[in-house]
Structures are given as structure tokens and as C-alpha cells.
Amino acid sequence: MKTAGPQRIVCLTEEPTEVLYALGEQHRIVGISGFTVRPAKARKEKPKVSAFTSAKIDEILNLKPDFVVGFSDIQSEIAAALIKHGVEVWISNHRSVPGILDYIRRLGALVGVPEKAHAYAGELEKNLAQIKLQASELKQRPKVYFEEWDTPLISGIQWVCELIRIAGGDDILPERAEKSLAKDRIMANGDEVIGRNPDIIFGSWCGKKFRPEKVAQREGWSAINAVKDNQLFEIKSPIILQPGPAALTDGISEMAAHIRQWANR
């Protein structure tokens with residue numbers, strides 16, 4: 001008997017690929033993003049047909065997809081091109097932890113496995129609850145600055161801010177985190193960071209290695225507690241900057257470990 005739901009799915013970003021593999025539905029995937037690193041075997045098994053802002057439209061059409069999944073307004077032109085060719089496209093636009101969990105449930109429902117998706121999202125929720133419980137036992141909460149890019153300075157997005165809070169820290173720029181577009185989180189200089197004096201700095205420069213020594217050398221940053229105490233850490237972008245399972249598992253776990261170490265000094 002044929003399984004319900006779409007049978008030939010193209011994933012334009014990493015998070016739907018990771019979700020579908022987690023649900024045991026990877027056999028439906030016929031194309032993925034070239035930026036996909038989770039799970040590692042997806043890169044070996046599936047053809048890469050898109051970047052983030054561009055895609056090989058002809059190659060996608062040749063795969064004869066019956067469902068394409070993308071993320072955010074940034075992929076609107078890709079979506080429009082596929083829709084003009086009669087392809088069914090779903091572009092999600094979630095930017096929060098509850099949004100990620102809801103995304104997993106909706107994706108599962110759209111591909112015909114709502115029970116699997118609901119159970120998986122529930123497991124992720126339990127993991128977050130456990131981390132939050134452990135964080136509640138910390139003697140002190142650090143002030144945290146999360147840097148998404150260095151030139152220009154871009155602070156962290158909403159789900160990152162929320163995960164920092166769950167992990168036991170407090171994002172120093174929560175008002176910026178509410179702005180969904182990176183351009184709206186650009187800082188003209190580092191004065192805000194210096195003024196709010198974070199205890200920990202997390203860096204996740206998408207596409208290049210975080211360089212804590214360069215951050216420490218910025219003008220005026222030597223006065224920041226995180227720099228004085230050498231509390232600058234890289235959180236690799238694939239596990240924190242994708243609004244999917246990675247951020248709710250490995251991403252938050254790494255941040256929580258650093259926060260716990262700081263609190264227990």
C-alpha cells in the first residue's frame with residue numbers, strides 16, 4: 001500500500017532534511033541544499049540542487065518533485081520560479097523555539113506522518129525542559145553576547161536568544177533578537193556590547209571560523225568581562241543557525257555546557 005503524502009520531496013534548506021531523516025522518511029527526499037551537513041549521510045545519498053539564495057531550477061524540475069520545502073522570504077524567488085512550473089512549494093518562516101517545534105509537527109503532517117512528528121517534537125521538548133531544569137540550579141546566570149557575523153557586527157536571532165535563556169544565560173541584546181532579518185540586527189559599532197558587558201561571548205560566523213583572538217583585539221573590548229576571563233567560544237553555525245532540530249539538541253547543549261562551566265567556577 002502506498003504511503004500517504006508526497007513521495008518526491010526537495011529540501012531547499014537543511015532543517016527539513018534533518019527532520020525527515022529523524023522521522024525515518026528520508027526515502028522521500030530526492031534533492032537537498034548544498035549547505036546540508038546534518039545528517040552527514042544525506043550529502044552522500046542525495047543530489048544537491050540549491051544554495052540558500054539560489055537554486056538549480058532545471059535540475060529540481062528534472063527530479064519531478066511533488067513537494068518542495070524552503071525557508072523564509074529569502075527563498076521567495078526560488079519558490080516563485082518553481083510555482084510557475086506547477087510545483088507545490090511550502091515556505092516556512094519560523095524564528096522561535098516554539099516555531100521550530102511547530103514546524104516539525106506541521107512538516108510531519110504535510111508529508112503524512114503526523115504521529116511520528118508529534119512524538120519527535122515531544123522528545124525535543126523534553127530535552128529542552130531537562131536543560132532548563134538543570135539551568136535553574138545554577139548559582140548565577142551569565143550575561144551572554146551571541147555574534148552571528150563580524151563585519152558588520154550582527155547579533156543573534158530570536159531562537160538563539162531563547163535557547164541561551166533556556167540554557168541558563170541572559171542575552172544582552174534581546175530587543176535586537178526580535179528582529180527577524182539580519183540587516184535589522186546590524187550594529188554600527190561595538191559600543192552596545194561594551195556597555196552591556198557580557199560574561200560570555202558566543203560566536204557563530206556562518207561560513208567561516210570564529211576567531212576569538214580577533215574579537216578580543218577590538219577597540220574597547222578588553223574591558224569586557226568575557227574577554228578578561230577568556231570566555232569566548234565558537235558554536236558552529238550548522239548546529240545553531242539552522243531553525244531546526246540541530247539548534248534544539250547539539251546547539252543548546254554546547255551553550256549550556258559553557259554556561260554551566262562559567263557558573264561553577
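E147 stands opposite G203 in strand β10, a strand that covers residues 200-203. The model is predicted, so local features are reported only at pLDDT of at least 70 and side-chain atom pairs only at pLDDT 80 or more, whereas totals for chains, interfaces and linings use all residues. Residues are numbered from 1 along each chain as its sequence is written, and side-chain values use heavy atoms, with hydrogens and water left out.

Strand β6 (residues 143-149) runs parallel to β10, and four bridges join the two; strands count as paired if DSSP finds at least two bridges between them. Strand β11 (residues 232-234) also pairs with β10 in the parallel sense, over three bridges. In β11, F233 is the bridge partner of F202. Within β10, I200 and F202 point one way and I201 and G203 the other, and all are buried; buried denotes under 20% relative accessible area, exposed over 50% and partly exposed in between, with a 1.4 Å probe and protein chains only.

F202 is also among the residues that touch the most other members of the largest nonpolar core, together with L107, L163 and I240; this core has 52 residues. A nonpolar core is a set of buried Ala, Val, Leu, Ile, Met, Phe, Trp, Tyr and Cys residues joined through side-chain atoms within 4.5 Å. Helix α12 (residues 245-263) gives the most to this core, with eight residues. Apart from it lies another core, of 15 residues, including W205, F210, W221 and L232. Leaving aside residues up to four places away in sequence, I240 touches F146, W159, V160, L163, S204, I235, A247, G251 and M255, where contact means heavy atoms within 4.5 Å.

Of the I240 partners, A247, G251 and M255 are also among the buried residues of α12. Helix α12 has 19 residues and reaches 26 Å from its first C-alpha to its last, close to the 27 Å expected at 1.5 Å a residue, the expected span being 1.5 Å times one less than the number of residues. The helix bends by about 30° at I252, the bend being the angle between axes fitted to the seven residues ending there and the seven starting there.

The protein chain comprises 12 helices and 11 strands, taken as DSSP runs (helices H or I, at least four residues; strands E, at least two) numbered from the N terminus. Of its 265 residues, 51% count as buried. The C-alpha trace spans about 60 × 35 × 30 Å along its principal axes.
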